[in-house]
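Open the model in your viewer and keep the selection tool ready. Each stop below says what to select and what is there.

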Amino acid sequence: MRLLIMGPPGVGKGTMAAYIKKTYNISHISTGELYREAIARMNSLGTLAKGYLDRGELVPDAVTVDLVKETLKKSEYKEGFLLDGFPRTIPQAQALDDILEEKQWKIDVVLNLTADDETIIERITGRRICSNCGALYHTTNIKPAVDDICDNCGAALFQRPDDNRETVARRLKIYREQTEPLLEYYRRRGLLRDVDAEGTVADNIKEVEKALGGFNDND
Ligand code: AMP
């Protein structure tokens with residue numbers, strides 16, 4: 001199964017991706033996560049990407065396409081994957097088509113998560129992440145048992161530096177201008193499945209299941 005998960009920043013893609021990964025035993029590729037790892041390692045990719053992430057801007061297409069191309073060469077993705085945060089522009093989508101065509105792979109479903117801007121801002125500013133295992137929390141919606149400590153591994157939680165109001169506004173604007181047109185790109189091909197992600201995590205999982213329902217590898 002090859003899935004894309006799309007939607008504005010903070011809509012809950014990461015939380016739903018973690019659910020899908022676990023439930024369907026599918027590999028998860030998040031370009032944002034790959035960039036954050038590169039920044040933490042302070043390697044050349046991280047040095048290049050840091051300013052863009054800090055400002056809430058997109059890393060140039062050529063760099064991101066290369067990153068995805070290299071990542072998809074790994075054997076663990078042969079059986080399938082859930083791509084989260086890519087593509088984010090029309091040129092990225094076209095490049096993904098080329099990468100997949102070369103491998104004779106096809107996208108099965110594109111999930112499109114939606115929620116109001118107010119919900120998104122509230123989710124994004126309250127988001128907390130485990131510094132060790134990457135598990136996602138929220139200050140009111142997904143609270144850990146002990147404040148600021150991960151339930152899974154006991155490590156400290158942190159807030160992404162780009163999860164502040166000012167940067168979120170820029171990220172949302174970029175999403176509307178550059179990423180939203182992609183929905184039509186996939187809708188025209190009959191791949192897009194809308195997911196109302198306005199509810200609780202449990203509600204949203206039900207919506208994701210509905211959107212994936214009836215799907216099988218022979219579709
Ligand atoms: P995310 O974790 O998906 O919210 O991504 C965090 C940041 O990583 C974005 O604000 C961008 O700076 C960068 N990024 C992630 N994916 C892409 C992409 N497909 N194209 C360009 N920049 C990206």
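**Before you start**

This is a predicted model: local features need pLDDT of at least 70, side-chain atom pairs count only at pLDDT 80 or more, and totals for chains, interfaces and linings use all residues. Residues are numbered from 1 along each chain as its sequence is written, and side-chain values use heavy atoms, with hydrogens and water left out.

**Stop 1: the ligand**

Select the ligand and its surroundings. The shell holds 16 residues, each with a heavy atom within 4 Å of the ligand. Thr31, Glu57, Gly85, Arg88 and Gln92 are the closest.

What classes of residue make up the shell around the ligand? Six are nonpolar, five polar and five charged. Here Ala, Val, Leu, Ile, Met, Phe, Trp, Tyr, Cys and Pro count as nonpolar, Asp, Glu, Lys and Arg as charged, and the others, Gly among them, as polar.

Now color by secondary structure. Helices (H or I, at least four residues) and strands (E, at least two) are DSSP runs, numbered from the N terminus. Helix H2 (31-41) and helix H3 (44-55) each give the shell at least two residues. H2 supplies the largest share, four residues.

At Arg160, a polar side-chain atom lies 3.1 Å from a ligand oxygen. Taken alone, the ligand exposes 490 Å², and the protein buries 96% of that. These accessible areas come from the Shrake-Rupley method with a 1.4 Å probe.

**Stop 2: the five-stranded sheet**

Select S2, S3, S1, S4 and S8. They form an open sheet in that order, S2-S3-S1-S4-S8, with parallel pairing. Two strands pair if DSSP finds at least two bridges between them. The edges are strand S2 (28-30) and strand S8 (192-196), each pairing on one side only. From one strand to the next, the twist averages 20°.

Zoom in on S2 and strand S3 (residues 81-84). Three bridges join this parallel pair. Ile29 has Leu83 in S3 as its bridge partner. Contact means heavy atoms within 4.5 Å. Axes are lines fitted to C-alpha atoms, for helices over the stretch in contact, and angles run from 0 to 180 degrees between N-to-C directions.

**Stop 3: the three-stranded sheet**

Select S6, S5 and S7. This open sheet has the order S6-S5-S7 and antiparallel pairing. Strand S6 (136-138) and strand S7 (157-158) are at the edges with a single partner strand each, so one side of each has no neighbour in the sheet.

Strand S5 (residues 127-130) joins S7 through two bridges. Ile129 stands opposite Phe158 in S7. Helix H6 (residues 117-126) packs on this sheet, touching S5 and S6, and makes about 35° with the direction of S5.

**Stop 4: two loops**

Most residues other than glycine have a negative phi, and most peptide bonds are trans. Select Phe86 and Pro87. A cis peptide bond joins them, with omega about 0°. Pro87 sits in the loop between S3 and helix H5 (90-103).

Finish at Gln104. Its phi is positive, about 60°, although Gln104 is not a glycine. Gln104 is in the loop between H5 and strand S4 (109-114).

Key
A polar contact is a pair of N or O atoms within 3.5 Å; within protein, one must be able to donate a hydrogen and the other to accept it, and residues adjacent in sequence count only if both atoms are side-chain atoms.
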